[in-house]
Amino acid sequence: MKQSEIHFEDFQLLVFDIDGTLMGPSQQLDPFTKEILMRLEERGKQYTLATGKILPATKPLADELEIDLPLILSNGAIVEDRFGKVLDQTRLPLPVTQSVIQICEKRGEDLVIYVCDKILIKEMNDNIYPIYSNVGEGLIEVQDWELAGEQLRNANKCLVVDRFNQQNLFDLEKIFREAVGDRADVLHTSIQLLEVVPQNITKATGLETLSRILDIPFGKMMAFGDYDNDVPMLERAGLGIAVANASEAALESADLVIGSLEENGVAEFLSKWLD
């Protein structure tokens with residue numbers, strides 16, 4: 001599809017992935033991107049965010065952009081507004097979480113467990129710190145997973161961080177798949193992250209929740225993403241757009257490819273319409 005073939009008046013809701021799409025490692029929103037996003041509402045276009053993060057890590061950006069629509073969090077496992085009102089939530093079966101813990105303990109993996117608005121880790125280290133250093137609240141060091149107790153019943157997803165050995169995550173993916181079977185899904189959300197998430201819960205199911213709440217059909221939604229976990233959302237929305245730096249799977253699933261994050265691809269694309 002060519003940009004000239006897109007009729008923006010046909011779309012009522014725009015949904016943006018954050019990391020790799022709107023923001024880079026600095027976790028700072030480019031001023032030009034912010035300007036363009038703030039102008040969307042002036043033109044009557046609603047927009048929100050869809051991310052693997054939970055609310056404490058997403059709220060600063062949602063506050064900066066004054067987004068009052070529900071946010072798709074934890075890759076679709078949570079739909080919650082920036083004020084803390086949970087509209088939908090899906091949890092992992094406790095045996096799945098326990099199995100993931102056992103595997104990670106045996107292999108010495110750095111496991112992170114998302115529980116509602118909390119992020120649980122055993123302890124901070126050099127592997128985890130660069131990824132979670134910007135989490136101001138909600139990050140809890142449990143020291144021992146047994147001490148997490150009843151919180152594990154409410155886990156929305158499990159995540160393994162490995163910044164140094166990508167092959168290890170591919171090996172671990174096979175182990176997780178054999179262990180959890182059809183009780184959960186296993187996916188890569190970046191080259192450094194491997195996640196175990198509730199079965200059939202994706203950013204696309206988050207779109208379904210938004211569609212129901214906002215009464216907006218999928219065909220009226222435009223979604224932007226950059227990685228494999230964005231694929232279901234890009235395919236489900238009426239128009240799926242990938243930035244040029246996207247993964248192969250995201251590029252293949254998108255209806256349109258725009259400029260990269262480094263090129264402010266999203267802002268440049270939208271500015272041509274706004275102007």
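Helices (H or I, at least four residues) and strands (E, at least two) are DSSP runs, numbered from the N terminus. This is a predicted model, in which local features need pLDDT of at least 70 and side-chain atom pairs count only at pLDDT 80 or more, while totals for chains, interfaces and linings use all residues. Residues are numbered from 1 along each chain as its sequence is written, and side-chain values use heavy atoms, with hydrogens and water left out.

**Helix α9**
- Eight of the 10 residues of α9 (residues 265-274) are buried, so the helix is largely enclosed by the rest of the structure; buried means under 20% relative accessible area, exposed over 50% and partly exposed in between (1.4 Å probe, protein chains only).
- The buried residues are Gly265, Val266, Ala267, Phe269, Leu270, Ser271, Trp273 and Leu274.

**Aromatic pairs**
- Six aromatic pairs are counted, given that rings of Phe, Tyr and Trp (its six-membered ring) pair if their centres lie within 6.5 Å, with planes under 30 degrees apart counted as stacked, over 60 as edge-to-face and the rest as tilted.
- Phe8 and Trp273 form a stacked pair, with 4.7 Å centre to centre and 20° between the planes.
- This pair links distant parts of the chain, as Phe8 lies in the segment before β1 and Trp273 in helix α9, 265 residues apart.
- Phe8 counts as buried, at 6% relative accessibility.
- A cluster linked by ring pairs consists of Phe8, Phe16, Tyr47, Phe224, Phe269 and Trp273.

**Positive phi angles**
- Asn75, which is not a glycine, has a positive phi of about 55°; its place is in the loop between β3 (71-73) and β4 (78-80), and at 5% relative accessibility Asn75 counts as buried.
- Cys116 also has a positive phi, near 55°, and is placed in the loop between β6 (110-115) and β7 (118-121); Cys116 is partly exposed, with a relative accessible area of 27%.

**The chain as a whole**
- The protein chain has nine helices and 14 strands.
- Of its 275 residues, 53% count as buried.
- The C-alpha atoms fill a box of roughly 55 × 35 × 35 Å, taken along the principal axes.
- Among contacts with a separation of 6 or more, 57% are between residues 24 or more positions apart.

Key: Contact = heavy atoms within 4.5 Å.
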